[in-house]
Amino acid sequence: MTDREGSPPDLHATTSKLQLPVIEELNLYVNSKIAKIFATGVVIVFITYHGFLHAVDGGDSCQRLLSDGRFQGALVWQPYGCMLHTYSNTDSRRCMRYVAFLKQQNHMLFIGDSRIRQMFLAMVKQIAVTHPKLPESPHEDMHYNDTNLHLNIDFYWRPSIDEEFAKIIGYLKRKSPLPKLIVMGSATHAIKNHNASTAALEAYKKNITAISSALDQIGNRTRLLWMLQDPVVPERLKPHQCAITNDQVDLYNMAAMEVLYDTKVRIWSSSRLVAQGSIGGFTDGIHAGKVAVKYDTQILMNLYCNDHLNFNDGTCCNSREAVTMTQIATFAALCFCPIIMIAVAVKQWFCVSNHMGGGSGVGGGGGSGTLPAAPSSLPSTECSQHRHKAASMDTRGDLHSSYREFLFALGKLGLIMGYFFLCDRTSLFMKENKYFSHLNFWLPLGYVFALGLFFTEDTSHTRLLHRDMTDEWKGWMQLVILIYHMTGASQVLPVYMHVRVLVSSYLFLTGYGHFSYYWTGRDMGIVRYCQVMFRINFVVVILCLVMNRPYQFYYFVPLVSFWYTVMHVTLVLPPRITRPAHANSEASPFNYLYSIIKFIGLGGFITVLFLSEVFFEKIFVMRPWKALFVTTDDDIHEWWFRWQLDRYSLLYGMMFSLVYNALTQYSLINDQSNSNILSGRLALLVSFAATVFIASYTTMTVICTNKPDCNEIHPYVVWVPITGFIVLRNMVGILRTRYSSFFAWFGRISLELFVCQYHVWLAADTHGVLVLIPSYPVANVLVTSFIFICICHELHHITDVLTPFLVPNDSLRAVRNLSVFLFLLMAIGVHDGVF
């Protein structure tokens, strides 16, 4: 074959013309689908890895608490793979009271030298209300008891592993019942008294070996800890202690570990790591400083109490909650989803295989494997029948494809919920405490905003708060909230108050967006309402069933759902305030009057609810919707706090939308082009006022001294920074017609990001951080964030697929499905005792 000049064609040039642009070719290999497949592989790898760790150590978080850990930043101790609750004196006494209520032996015993005595005194101080009177001489036994708590804490002065030590062990071996916790350890006196001789080390090892069998029997009946010796600070030791070197301490520790390795005695080695990390606090070179003693005491309290009090931020030594019947039934239903998905995939594969295998005979010759075209000589009636049959086949094919996509979505939903359960309702994956520092908070925040500014694009929209801009706004707000939750920045009051503005901004946008939608005369029927509520609540309802948490636990979704319902009812009630569809530039003035009247009525109703907390409780604890507003302990105050904090935010959004529509209708502002909304000095004046708005709110958060006072002011002034931001973001045409595609992408899945962070990015119901890569916090955040984002994107897609099936556009079918859903919820509520 040749071209017109008879020369062979340039194959390279022809091929290059067929090549895709670089970006399009890159999209073939780097896209959300490939990312999700890779994330699935990563999840499988880490499930296997942590399953192997469980096979090795049994997933014993008590052992992890006692064996390993690290300091985070400025002397904040983080145990290996579990969360350490910080016990106050009140918490400690409540634990002892609960143990006594269970009629268990509330008894602790410390045996050893001055270091063990230091632990005894610290434990007494941790629990006692007043400092008890103790013997003047430190070299004798000490005892503390609290009859109200039925508590006994004893210390036996046995500084050397000798016959006296062996007598105590023999006594404990015969004693019944044993103390609930026994802590022992000794070495420094043997090193000092024998001048670090080799013979003393051998005698030490021999004496421990002699009592190891008895220790094993005791450890089989109670918690018995052997506390390894802390390092010393040689330059601070007294002259008669100079034989106590860190090398000698290590030799004695190794001897104890070697002898007790195969016994039921737990080696407490994390105390030594705590002392190493805070060795600068040692006062006399041999006794631990305040930081080390504090964390040693907290470790013992977590070991002793966590399984009784079940603090959300204390997962060390805390058994997982039992699975409920509701969870079992939910998982039984969800298990069918992956099975159906696999069955459909296998069937589809067989159909494709059969079609490919028999394709050559379909055409009746020619071997091309394609259907022949309809002959042009067919009569018109036959052609019409042929076209109708083909159209019917296409319709059935589309329907079949839609149902297949529906089943695949359910299958993927089941698998994703299984991962949620593994992350936060089992001990398969590790969890760690949050750690706040200004660097941890501001560094990722700066990095995220640098990425957002880098990925900016032009938009075809020019209107104020157009879709791309609101997606961008939701995106960067959600990323800030995620960083805020991950780093535990709520302890910094100005940061806390600014994040409160972000949450209020979501409700502001809810009021603004939906009011604008209804104002233009669009659908306000039951189908529209059900579709919006389904998209908001679908993931949360599934999580409530799977994770055994009340609806109010995911506070933001109930908040948005409630205020959207309030707004919908307000606007639907007659007289209607929507403009006629044909009135594009003019509207009846009565629409503005009706809106103002409704706003005043809504504001008055909200204020009455706020002023009368009793009236508020009577409304929201009324059955059957009480279950939507109470927490696990049947308390309404969490909902009260969230509700009153943002009680006017939605109304602000609706009012802003009304004012904006009035200004555009009467041509007081112009956002129909890429020019500035206002011109000249007026634009500068308004921009300056907006800057003052934002600065004044920031100043208020700095001046405000405590959260209750700030929260009381917040509902009345939150519109100030929101309005200031809107003005600055939209005033200049160049800024209004550009947006960050990076932030907008996250903004489209902001709801899923807000909800899913509770269990597959954070952990322990948001009190901790999920750990897939232990001991490497930065790498862990990167991996868990990647998986988390992929899950959120997929759940957003699943919701889009399921919405038209479960909430169809037909009102009768939508009401039918809604009735079935309410019936199922009522059945679950009856089973759980809600009704």
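**Entry 1. The whole chain**

I began with burial: 49% of the 835 residues of the protein chain count as buried, where buried means under 20% relative accessible area, exposed over 50%, and partly exposed in between, with a 1.4 Å probe and protein chains only. I note that this is a predicted model, in which local features need pLDDT of at least 70 and side-chain atom pairs count only at pLDDT 80 or more, while totals for chains, interfaces and linings use all residues. Residues are numbered from 1 along each chain as its sequence is written, and side-chain values use heavy atoms, with hydrogens and water left out.

I then looked up the secondary structure and found 31 helices and 13 strands in the protein chain. Helices (H or I, at least four residues) and strands (E, at least two) are DSSP runs, numbered from the N terminus. For contacts (heavy atoms within 4.5 Å), I took those in the protein chain with a separation of 6 or more; residues 24 or more positions apart account for 79% of them. The accessible surface of the chain comes to about 41600 Å², and 63% of it belongs to carbon and sulfur atoms. These areas come from the Shrake-Rupley method with a 1.4 Å probe; for residues, only the protein chains shown count as cover.

**Entry 2. Helices α16 and α28**

I asked how the axes of α16 (residues 467-487) and α28 (residues 741-748) cross. They come within 6 Å and cross at roughly 80°; the axes are lines fitted to C-alpha atoms, for helices over the stretch in contact, with angles from 0 to 180 degrees between N-to-C directions. The two helices are therefore roughly perpendicular to each other (65 to 115 degrees; under 35 is roughly parallel, over 145 roughly antiparallel, the rest oblique). Among the residues making the contact are Trp476 and Leu479 of α16 and Phe742, Phe743 and Phe746 of α28. By class, the contact has six nonpolar, two polar and five charged residues. Here Ala, Val, Leu, Ile, Met, Phe, Trp, Tyr, Cys and Pro count as nonpolar, Asp, Glu, Lys and Arg as charged, and the others, Gly among them, as polar.

**Entry 3. Helix α12**

I looked at helix α12 (residues 290-309) and found a bend of about 40° at Leu303, the bend being the angle between axes fitted to the seven residues ending there and the seven starting there. Of the 20 residues of α12, 16 are buried, so this helix is largely enclosed by the rest of the structure. Asn310 follows α12 and has a positive phi, near 55°.

I located Tyr594 in helix α20 (residues 589-611). Tyr594 is partly exposed, at 27% relative accessibility. Leaving aside residues up to four places away in sequence, Tyr594 touches Pro575, Arg576 and Ile577. Pro575 lies in the loop between α19 (556-572) and α20, and a cis peptide bond, with omega about 0°, joins Pro574 to Pro575.

I found Tyr171 in helix α7 (residues 163-174); its relative accessible area is 39%, so Tyr171 is partly exposed. Pro177 is in the loop between α7 and β6 (181-185), and Ser176 and Pro177 are joined by a cis peptide bond with omega about -5°. Asn253 lies in helix α10 (residues 246-260) and is buried, at 5% relative accessibility.
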